[in-house]
Structure formats: structure tokens, C-alpha cells
Amino acid sequence: MGSVTTSHEMGLHEEQLAGRTQQMFFSATEEENYTYPWSYEVDIEKSAEFDAAEMEISEINLKIRELMKSGHGTITVNNPRAKHSLGVGILNRLNLNFNGSLGYFGCGLIDGANIRISGRVGWSCAENMMAGTVVIEKNAGSLFGAAIRGGDLVCKGQAGARVGIDQKGGTIIVGGSVGAFTGFMMQRGRMIILGDAGDNLGDSMYDGTIYVAGKIASLGVDCVETEMTDLDRKYLQGKLDLYGMAAPNGIDNMVKLTSGKQLWNYDNLEPTEKKLVL
Amino acid sequence: MCGIAGLIWKGGASSDIGTEMTQMLQALKHRGPDSTGFALYGKGEEGVRVLRFKVAEQEEMKTGFDIHKKAVERKEAVDARLLEMGAEITEKEDATEYAFRYHFKFDGDMTRLIDYIEDIDGVEILSVGKALELIKDLGDAAVVSDQYGLKGFQGTHAIGHTRMATESDVDIRSAHPYWAYPFNDVSVVHNGQLTNYWTNRRDLERRGHRFMSNCDSELIAVYIADRIDQGDELEDAMTRSIDKLDGVFTYLVATGTQLGMAKDVMGAKPMVLYESDEFVGLASEEVAIRSIFPREIDTWDPYQGEVKVWAA
């Protein structure tokens with residue numbers, strides 16, 4: 001329960017995001033079972049290691065599954081050699097280490113796994129991640145963390161274009177620069193960029209927050225700069241410390257961006273529709 | 001989708017680029033298995049030009065009736081016209097019944113010679129150059145490479161392409177790489193779609209440029225050729241192309257001594273880059289670069305709107 005108290009201490013549950021929310025909170029102590037029927041009971045202390053150099057993609061993913069089935073909670077995969085779609089669909093707690101780089105669609109659709117990657121990742125890493133952590137030591141491709149809903153996604157190098165497109169929750173942290181259209185149509189969650197941001201940052205974002213330490217090439221439609229609060233600073237400090245990262249010019253010199261909400265016209269009827277109603 | 005790959009050994013170091021490019025393209029096979037093309041840059045001999053041309057499509061050879069006879073006639077016509085223009089053929093090679101490789105010596109008007117040969121019905125020149133050898137055919141990289149005996153090809157740099165046809169037919173005419181007619185040694189591969197193809201094509205055609213296919217990617221080769229013709233350096237021509245061409249694209253251009261890459265302003269198509277002191281490798285996916293470097297390497301993705309050029 002330690003982590004729950006910390007997040008409360010950090011004030012993460014106090015901040016009220018404006019607008020209507022569909023996010024549901026539940027207590028971890030509740031009776032109801034929030035695990036998936038096909039998730040595995042694993043022992044984090046029980047570890048296994050294998051070499052993936054000569055294995056096919058499905059063989060590697062099945063091997064991980066087999067090891068989880070036999071209760072291994074710490075798995076190390078050596079030589080993934082930039083193969084695509086590795087470490088996907090893991091729905092239980094697991095310590096997964098990749099010694100090497102992943103190709104496209106790595107670690108997608110995960111819920112609860114803690115993944116470390118010593119190399120880089122290609123396009124669409126951790127797509128639709130629900131919970132857990134993915135920490136990448138080197139660079140990431142485009143569409144990094146597309147549509148993620150929860151958890152922490154950390155890239156210590158630079159990332160490509162459209163980072164966190166359609167982000168619906170969680171935190172994305174990029175140590176280096178990001179490309180164009182980062183945070184495009186972002187709906188919720190937080191993004192921390194310690195390098196520079198490309199053109200059209202936060203274009204058409206509905207909600208959520210983007211923090212940038214470096215230069216911003218240009219802001220997208222309806223993305224506005226807002227004032228940093230003490231809560232933001234505390235949050236940034238906490239998150240960055242957690243992953244051993246630091247803002248190059250200090251947290252005080254970071255910029256906070258949110259939605260200007262000028263495009264929020266959900267309840268407004270078009271003039272032609274108004275006539276119909278009246 | 002389409003997959004593109006490029007490699008260059010810096011400092012003029014020579015390597016077995018035939019095998020390396022075959023491996024890279026084979027690793028990208030899943031991005032498009034329709035056709036595969038190679039533009040390999042060898043050392044070349046002083047005063048000797050390499051001519052690669054085809055006299056028929058593979059499909060025609062299978063289904064046509066008198067095409068076998070025609071192919072022979074067309075080849076004979078090419079020989080005759082080369083002699084007529086005063087070119088001396090020093091070596092002939094025929095990997096297939098429809099595609100040939102000639103070595104020849106010629107010091108007259110090269111564009112005139114090229115036009116005269118292409119004037120023969122059904123004949124298309126794939127490439128002319130001192131260093132460039134352009135090979136393209138239907139099938140995956142291993143098939144094409146075996147068919148044309150590319151393994152063991154020594155050279156400094158190469159670009160290649162595996163195609164998934166989206167904008168035009170599956171035939172050799174629409175396969176990449178494209179040679180930037182009439183410039184010796186310039187070739188282009190492209191991954192993406194161009195949306196202002198016809199506007200640009202009509203514009204370039206009015207100024208006398210030749211289009212051999214209806215494939216949008218050919219526009220890039222012709223555009224680069226046009227800019228070089230107007231005195232641009234390769235890098236300037238490529239930078240200009242980013243504004244001029246609409247659509248999504250990542251493309252590679254190679255000349256006798258250089259290799260360049262350009263990405264559209266949206267960064268919509270992938271490109272992974274690996275650069276070391278002696279080597280630069282580029283590909284749509286890292287797996288392609290890893291097929292020649294199994295060890296861990298540091299790679300990154302160039303950003304949108306970026307243009308880079310390396311020299312051999």
C-alpha cells in the first residue's frame with residue numbers, strides 16, 4: 001500500500017481536472033477481482049533467461065507466456081534484435097527485461113508488467129498500455145505510447161513524431177526531443193518532454209497536460225501555455241526522481257501546456273440543427 | 001507500405017554490397033513482396049559505361065505469343081543503334097531473356113544515344129552510368145538477387161526497394177529504383193504516396209522530361225534530375241523537393257559518390273538510421289540494418305522534413 005499513500009501525499013488525487021470525466025477510481029482493497037481470467041500468478045523472485053537471436057516473433061512471445069505459466073515473475077530476453085511485436089499482451093505483474101532493441105509495436109496492450117529495454121524501440125511502442133512501466137534506455141520511434149491509458153512510459157533518448165497521440169491517461173516521459181504532432185488529440189494524462197518539441201505540439205488536444213523543458217517549434221490548434229503550480233512542480237520532481245532523470249534547466253524553467261478548450265463544442269448545436277429542435 | 005534501404009561505406013571502402021543489400025531487402029520482404037529493385041554502385045572502369053535495359057515485361061514473356069521473337073529483334077535493334085551511333089560494346093551479359101547488361105565505350109552525346117535506343121518500341125533503359133547498376137524484377141530480394149547473380153557485387157554504396165504496389169501496376173516498369181534520366185549514376189527509391197503527382201508531371205513533361213510509367217515515385221527521380229539540370233547540388237534539390245512534393249514520403253537518392261535521404265514534413269513514413277565512422281545504413285525498419293549487423297547498435301529515426309547526404 002506504500003505507493004498508494006505516496007501518490008496521495010504527492011497530491012495526485014486532489015487535482016480536479018476541468019470538464020467531465022469518465023475515469024473511474026477503485027480502491028485496491030475492494031473485494032472485487034480486477035485481474036483478467038487469463039492472467040498468470042507469478043513469483044517475482046523466480047527468474048528465467050533466454051536467448052531470442054534465432055527465434056521467431058511468435059516463438060518468443062509464446063516462450064514468455066510459458067515461463068509466466070510456470071510461475072516465473074522475472075524474465076530476461078537476450079538479443080531481441082529489433083524484432084517486431086515482442087512482449088505484447090501481458091496482463092499480469094511481471095519483471096521483463098529486454099537486453100537489446102525492439103522493432104515496431106513492442107510491449108503493446110500490456111496491463112501491469114514492468115518492462116526494461118536496454119536498447120531502442122521502433123514505432124508504436126506500448127500502444128494502448130493500461131498499467132505498469134516501460135523504461136527504454138535509448139531512442140524511440142514515432143507513435144510512442146499511442147493511446148495509452150495508464151502506467152508510466154519512459155524513453156531516456158529521443159522519440160519520433162506523434163508521441164502520445166490520442167493519449168487517454170498515464171504518463172509519458174521523454175528524455176530527449178520529440179517530433180511533430182506530439183500529443184495530437186490527447187485526451188487525458190500527462191506528458192513530460194525534457195528536450196525540444198517539434199511542430200504542432202498538442203494539436204487539437206481535448207485535455208491532459210504537457211510539460212516541456214526545451215524549445216517548442218510551434219503549438220498546435222487549441223494548445224495553450226498555462227501557469228505551473230506547486231503541485232505540478234512536486235509532481236514533476238517526484239516522477240523525474242523516480243526514473244533518475246532531470247530537467248536540463250531545472251523544473252522551474254519548464255513550460256506547462258493544456259487545452260484551450262476553444263474546440264469544446266460538444267453541446268452546441270449547429271445552426272441548422274437548432275431550427276430542427278425548435 | 002513498401003520497404004526501402006540504403007547503405008554507404010564511407011571513405012571509398014569497397015564491400016560486398018550485393019549480398020548486404022539482398023539481406024537488408026529480404027528482411028523487409030513483409031513490407032511488400034511484389035517486386036524488388038537494387039541500385040548498386042560499383043567501382044566502374046575508366047571510360048566504360050554500364051547500360052542496363054529491358055526489352056519486355058516478365059508478364060508478357062509468360063503470356064505473349066510472339067514476344068520471344070520480338071525480344072530478340074528488339075535486342076538486335078539496340079545493338080544496331082549502339083553501333084550506328086559509334087558506341088563500342090565491350091561486354092554483353094544476359095541474366096534473363098528480357099533484361100540485359102552491356103559495357104560500352106562512347107564519347108558522343110549520351111542523351112541522344114539514350115533517346116535513340118529508347119525510341120525502339122518496348123525497350124526501356126533501366127540505368128546508364130559509370131558506377132550504377134540498376135536491377136529490378138518481380139519477386140522477393142532473394143529471387144531477384146539469384147536471378148541476376150548480385151551476390152558478391154563489390155561496391156561502395158547501394159539503395160534498394162521492396163514494393164507493395166498501391167499507385168500503379170505490378171510490373172518492372174513500375175518497380176523501383178528509378179533512374180533519373182538522363183543523368184548518369186542517379187537513382188531513387190521511395191516509400192509513400194505523392195498527391196500532387198499529375199500537376200508536377202504535366203509541368204515537367206512540358207519541359208521535355210520523360211516519364212516511363214504511371215508510378216508516382218518516378219516523379220521524384222525526374223524532379224531531382226530537373227533540379228540537377230538547373231544547377232542544384234543534390235542536397236539543395238532534395239531540400240527543395242520537401243516543399244514541392246505533396247503527400248507522404250521518405251525517399252533515398254544515390255549518385256555516383258553520394259547517398260541522401262529526405263522525409264516529408266509530417267514524418268509519416270518510417271526511416272531508421274545507423275551511422276558509424278565507416279558505415280551509414282538506412283532502412284524502413286531496424287531489422288534490415290540488423291540483418292548485416294547482428295550486434296547491438298545505436299540507431300535513431302531522423303525527424304520530419306529532414307534531409308541528409310553522405311559521401312562515399
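Select helix H7 of chain B and helix H8 of chain B: Ile220(B), Tyr223(B), Ile224(B), Arg227(B) and Ile228(B) in H7(B) are in contact with Ala237(B), Arg240(B), Ser241(B) and Lys244(B) in H8(B). Contact is counted when two C-beta atoms, placed from the backbone, lie within 7 Å. The residues of this contact divide into five nonpolar, one polar and three charged; Ala, Val, Leu, Ile, Met, Phe, Trp, Tyr, Cys and Pro count as nonpolar, Asp, Glu, Lys and Arg as charged, and the others, Gly among them, as polar.

The model is predicted: local features need pLDDT of at least 70 and side-chain atom pairs 80 or more, while totals for chains, interfaces and linings use all residues. Residues are numbered from 1 along each chain as its sequence is written, and chains are lettered from A and ligands numbered from 1 in the order in which they are written.

Next, select residues 49-54 of chain B, which form strand S4. Strands here are DSSP runs of E with at least two residues, and helices are runs of H or I with at least four, numbered from the N terminus. Are the residues of S4(B) buried or exposed? Six of the six are buried, so the strand is largely enclosed by the rest of the structure. Buried means 20 or more other C-beta atoms within 10 Å of the residue's own, with C-beta atoms placed from the backbone. Arg49(B), Leu51(B) and Phe53(B) point one way, and Val50(B), Arg52(B) and Lys54(B) the other.

Arg52(B) stands opposite Arg101(B) in S6(B).

Methods. Buried ≥ 20, exposed ≤ 12 C-beta atoms within 10 Å, placed from the backbone. Pairing = 2+ DSSP bridges.
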